[in-house]
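Student: I am new to this structure and would like to go through it in short questions. Please show it to me.

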Amino acid sequence: MGMQATSKGNMPVVLLKEGGSETKGKDAQKNNIAASKIVAEIVHTSLGPRGMDKMLVDSLGDVTITNDGATILKEIDVQHPAAKMLVEISKTTDNEVGDGTTSAVVLAGALLENAESLIDQDVHPTIIVDGYRKAARKAKQFLESISDKISANDKNILNKIAKTSMQTKLVRKDSDQLADIIVKSVLAVAEKDSESYDVDIDDIKVEKKAGGSIKDSMIVQGIVLDKEIVHGGMPRKINEAKIALINTALEISKTETDAKINISNPQQLKSFLDEENRMLKTMVDKVIGSGANVVLCQKGIDDMAQHYLAKAGIIAVRRIKESDLTKLAKATGARIVTNLDDLFEKDLGSADLVEERKIEEDKWVFVEGCKHPKSVTLLLRGGSQRVVDEVERSVHDALMVVKDVIEKPEIVAGGGAPETYAATKLRNWAKSLEGREQLAAEKFADALEAIPLTLSENAGMDPIDTLTLLRSKQQKGEKWTGIDVMKGKIANMKSSDIIEPLAVKLQIVSASAEAACMILRIDDVIATQKSAGGPPGGGEGGMPPGMGGMPPGMPGMGGMGGMPDMGGMM
């Protein structure tokens, strides 16, 4: 196809090499918006407590069953360049605030869909973008104005927040118990910094093991190591453990340079081996001398050293991951020692109990009962591997929302209430704008209502009746009115205990508005293909080779993970 222009002498000038393609103007915008709408459609059925889960099968045949927007979009390998941007906002939302990934994508899709109708009325995309930006700023102000300030360590509210986050997931039935251990673990690792708190989620180690049921999940005030004790002669459990964390190998190091030792008679060989043993014994004696009865080592431990440690009744575990060693230091208060000469009693950490337990087929070492652990472990269980994986994803989201509230202690109700409130306020505010930006701001308000709309659709309620009733209640000033999905009616979400962090709501609005604006500003998609690629001119949507090749007149929508040709939907 190539980009062509004609020079004065009517000679065509070809700018792109063979197989390159370009989509311009409205076609490009339509194409990008259509792709983004499809991405939003994929996840929108999984929004809310009545949302459905998705089963994703990758090229190797591995199955993931999940409700987490970010996971769904990460697993389907989206090819379309505009659709990739929506996948990115779900990723950043996941990393920033942990929850609200599905909402962000649904909102971005709604913003683009509403922009499309304005573009059809010949409103210039730049004007829409300006209107959207102003509306997003305003919407965030409205959300901030209705949020409630709370105290950061109010266990009761933190519990409700964690539960709300898990309402939409597979773990809903066990959310009471999980919320309890999640809040405990986050409060354990929260560091108070003058007035505010700081939480590093990495201090909470999440270990999962199939077997038992979700109810068997528990919090360990300390660290669980998926390793076993190195020597059969060692005790299986020690109370009042004094723990040495060692970052060096309890082995005789081989010489760096190629050294040869000539041994001519058995006597010399014996003294050579005795010396090796003596060196190992000296190492172990240093450990014993420090008063340690548990040795956790990042590197290897020689068989002979194991023997000496076992004789002294010391538990040893070797080849522990560095990240786990750091967490152990935080949990037990030990100092990580790199040189055994530096190991003294003051460097040891303490725990009530170090014990090896059998979990399913594996033996794991539990270091628990640390006094004031700055690092704890959540041990998650579930009926099968798929279940445990999904429990882990749900717990991650819940940990993140609790962290959000502890770091920024402001909350709003859930169930689409804050979005509807902001939309109602935005509509009134839009009237004050002059020019066509007013239309864009109104469209932004409509898009915000996509959240309560989708919630009600997924709950099998009538979307139109629901939305009109919601609007009228919000107009009367009942700001916490939202959709109680479980009862299938409109209710006060505050009294239904559906509570979310303000941080999540703000992130959803900013991320989706930014992505929508970015996609709207594109008016030209130029794709250059590798010369080996498919038929020239295939796939106009800026597709990799082999993705397009559609009949002319249809925008190429390739590579959306086994979807039918979407040509008919344009």
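Student: In which loop does Ile263 lie?
Tutor: This is a predicted model, in which local features need pLDDT of at least 70, side-chain atom pairs count only at pLDDT 80 or more, and totals for chains, interfaces and linings use all residues. Residues are numbered from 1 along each chain as its sequence is written, and side-chain values use heavy atoms, with hydrogens and water left out. Helices (H or I, at least four residues) and strands (E, at least two) are DSSP runs numbered from the N terminus. Ile263 lies in the loop between β12 (237–246) and α8 (266–289).

Student: Is Ile263 buried, partly exposed or exposed?
Tutor: Buried means under 20% relative accessible area, exposed means over 50%, and partly exposed is in between (1.4 Å probe, protein chains only). The relative accessible area of Ile263 is 35%, so Ile263 is partly exposed.

Student: How much accessible area does the nonpolar patch with Ile263 have together?
Tutor: Patches are made of residues with over 30% relative accessible area and no salt bridge; like charges are joined within 9 Å, and nonpolar side chains (Val, Leu, Ile, Met, Phe, Trp, Tyr) within 5 Å. Areas come from the Shrake-Rupley method with a 1.4 Å probe, and for residues only the protein chains shown count as cover. The surface patch is formed by Ile261, Ile263, Leu269, Phe272 and Leu273, and their accessible area together is about 430 Å².

Student: Which residues does Thr102 touch, not counting residues up to four places away in sequence?
Tutor: Thr102 lies in helix α4 (residues 101–120) and counts as buried, at 8% relative accessibility. Contact means heavy atoms within 4.5 Å. Leaving out residues up to four places away in sequence, Thr102 touches Val43, Ser46, Leu47, Asn67 and Gly69.

Student: What is the bridge partner of Asp148 in β19?
Tutor: β6 and strand β19 (residues 410–413) run antiparallel and are joined by 2 bridges. For Asp148, the bridge partner in β19 is Ile411.

Student: How many residues apart in sequence are the parts tied together by Glu410 and Lys149?
Tutor: A salt bridge is a side-chain nitrogen of Lys or Arg within 4 Å of a carboxyl oxygen of Asp or Glu. Glu410 is buried at 15% relative accessible area, whereas Lys149 is exposed at 63%. They form a salt bridge, with the closest N and O atoms 3.5 Å apart. Glu410 lies in strand β19 and Lys149 in strand β6, so the parts tied together are apart in sequence by 261 residues.

Student: How many residues apart are the parts tied together by Glu437 and Lys134?
Tutor: Glu437 is buried, with a relative accessible area of 15%, and Lys134 counts as partly exposed at 32%. In their salt bridge the closest N and O atoms are 2.7 Å apart. Glu437 lies in helix α13 (residues 437–448) and Lys134 in helix α5 (residues 125–146), so the separation in sequence is 303 residues.

Student: How many salt bridges does the structure hold?
Tutor: Side chains of opposite charge can pair when their charged atoms come close. The number of salt bridges in the structure is 39.

Notes. Pairing = 2+ DSSP bridges.
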